[in-house]
Amino acid sequence: GNSVTQMEGPVTLSEEAFLTINCTYTATGYPSLFWYVQYPGEGLQLLLKATKADDKGSNKGFEATYRKETTSFHLEKGSVQVSDSAVYFCALSDRAGNTGKLIFGQGTTLQVKP
Amino acid sequence: DAGITQSPRHKVTETGTPVTLRCHQTENHRYMYWYRQDPGHGLRLIHYSYGVKDTDKGEVSDGYSVSRSKTEDFLLTLESATSSQTSVYFCAISARGENTEAFFGQGTRLTVV
């Protein structure tokens, strides 16, 4: 079945450091891929998405490229801020039936220190 | 922000009692979902709805039932709560399913003692 695997956390970085959070997936067909972010005490918010191979999603300085050949969708940011501290979830959308069901990775906690 | 309201936000209940969580949306979106969030598992789909009275099971549906009698309301019921159902429950909505953004509620923290 479909699945998403994220790198283990927590990840602790200093402000202005470079961020990479790895995400790989297993899927039949060609899923859409998403990164969601969860700030403390809140629900999830969409950070970025990509719907086909080689698409690059970007938002708020974060980027991720849909790599079909390596089945990956790694999240990157060139210079993190304290306000980026949150839990990040990689997810895929199963295209079957157009239901929008999401399959999530386990989440990666990012802590950015001043 | 998308208009999604979950109630209650926090609940403590005893093992064996029935519990109903409510999700209310003001966006008129077709699709609604219930997920549970547990450490080490991310979020997992419990049930979803693709229209009024149209629902289907997700990955972890055992012990849960749902109902959707109106577009705006999606109810999740734990028939007989167990300690393994202690979790944070999130409702989400989506306008068109595939490729479209899902909007999440703020969650309900349920503790079964």
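Predicted model: local features only at pLDDT ≥ 70, side-chain atom pairs only at ≥ 80, totals over all residues.

Mentor: Residues are numbered from 1 along each chain as its sequence is written, chains are lettered from A and ligands numbered from 1 in the order in which they are written, and side-chain values use heavy atoms, with hydrogens and water left out.

Trainee: How many residues of chain B are in contact with chain A?
Mentor: Contact means heavy atoms within 4.5 Å. By that rule 22 residues of chain B are in contact with 23 residues of chain A.

Trainee: What area do chain B and chain A bury between them?
Mentor: About 1800 Å², with 50% of it on carbon and sulfur atoms. Buried area is the accessible area (1.4 Å probe) that two parts lose on being put together, summed over both. E98(B), N99(B) and F104(B) supply 33% of the area that chain B buries against chain A, more than any other three residues.

Trainee: How many salt bridges and polar contacts does the rule find across the interface of chain B and chain A?
Mentor: A salt bridge needs a side-chain nitrogen of Lys or Arg within 4 Å of a carboxyl oxygen of Asp or Glu; across this interface there are zero. A polar contact is a pair of N or O atoms within 3.5 Å; within protein, one must be able to donate a hydrogen and the other to accept it, and residues adjacent in sequence count only if both atoms are side-chain atoms. Four residue pairs across the interface are in polar contact, both residues at pLDDT 80 or more.

Trainee: Why is Q6(B) called buried?
Mentor: Buried means under 20% relative accessible area, exposed over 50%, partly exposed in between (1.4 Å probe, protein chains only). Q6(B) has 5% relative accessibility, so Q6(B) counts as buried.

Trainee: What does the side chain of Q6(B) reach?
Mentor: The backbone nitrogen of G107(B), at 3.1 Å. A polar contact of 3.3 Å also joins the side chains of Q6(B) and T108(B).

Trainee: What makes R22(B) and D73(B) a salt bridge?
Mentor: Their side chains meet at 3.1 Å, N to O. In general, side chains of opposite charge can pair when their charged atoms come close. R22(B) lies in strand β3 (residues 19–25) of chain B and D73(B) in strand β8 (residues 73–78) of chain B, 51 residues apart. Strands (E, at least two residues) are DSSP runs, numbered from the N terminus.

Trainee: Why is K52(A) called exposed?
Mentor: K52(A) has 52% relative accessibility, so K52(A) counts as exposed. The side chain of K52(A) meets that of D55(A) in a salt bridge (3.3 Å, N to O).

Trainee: How do you know that strand β1 (residues 3–6) of chain A and β4(A) pair?
Mentor: Two strands pair if DSSP finds at least two bridges between them. These two have four bridges, in the antiparallel sense. T5(A) stands opposite T24(A) in β4(A).
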